[in-house]
Amino acid sequence: MISIYEEVVTMIATIAKVDKSRINEKTNLFEDLDMDSLIILDLVNQMEERWDFKLTEHPELLDEMETVESLVAFLQCEIGGVE
């Protein structure tokens with residue numbers, strides 16, 4: 001079974017058009033991968049669809065989720081660690 005982390009990395013790599021090897025827990029989505037707000041919106045939409053939740057219901061958290069690690073931690077809390 002694929003972990004949440006692995007799925008998120010795959011989504012990010014696909015959307016940002018970067019190799020997975022460039023992505024780790026400390027990767028900053030904005031600074032390291034040059035993702036802009038439109039790319040982030042695409043990522044959020046895919047995550048919401050995949051895990052059936054609404055990140056847009058937590059707008060205050062969007063600014064805090066700059067790294068892969070913080071994004072995965074939020075997902076694990078929001079969906080209860082369900083894969």
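Leaving aside its neighbours within four places in sequence, which residues is N28 in contact with? The legends below take up this residue and several others. The model is predicted, with local features requiring pLDDT of at least 70 and side-chain atom pairs counted only at pLDDT 80 or more, while totals for chains, interfaces and linings use all residues. Residues are numbered from 1 along each chain as its sequence is written, and side-chain values use heavy atoms, with hydrogens and water left out.

View 1. Leaving aside neighbours within four places in sequence, N28 is in contact (heavy atoms within 4.5 Å) with L33, E66 and T67. At 9% relative accessibility, N28 counts as buried, a term that stands for under 20% relative accessible area, with exposed over 50% and partly exposed in between (1.4 Å probe, protein chains only). A polar atom of the N28 side chain lies 2.9 Å from the backbone nitrogen of E31.

**View 2. The aromatic pair F53 and F74.** A search of the whole structure finds 1 aromatic pair, where rings of Phe, Tyr and Trp (its six-membered ring) pair if their centres lie within 6.5 Å, and planes under 30 degrees apart count as stacked, over 60 as edge-to-face and the rest as tilted. The ring centres of F53 and F74 are 6.0 Å apart and the planes stand at 55 degrees, so the pair is tilted. Because F53 lies in the loop between α2 (37-51) and α3 (59-62) and F74 in helix α4 (residues 68-79), the pair ties together parts that are 21 residues apart in sequence. Helices (H or I, at least four residues) are DSSP runs, numbered from the N terminus. Both F53 and F74 are buried.

**View 3. E7 in helix α1 (residues 4-16).** With a relative accessibility of 16%, E7 counts as buried. Once neighbours within four places in sequence are set aside, the residues in contact with E7 are I2, R50 and W51.

**View 4. Positive phi at K17 and at D52.** Most residues other than glycine have a negative phi. K17, in the loop between α1 and α2, has a phi near 55 degrees, a positive value in a residue other than glycine, and this residue is exposed, with a relative accessible area of 74%. D52, in the loop between α2 and α3, likewise is a residue other than glycine with a positive phi, here near 50 degrees, and D52 is exposed at a relative accessible area of 71%.

Notes: Helix = DSSP H or I, 4+ residues; strand = E, 2+ residues; numbered from the N terminus. Polar contact = N/O pair within 3.5 Å; in protein donor to acceptor, adjacent residues only side chain to side chain.
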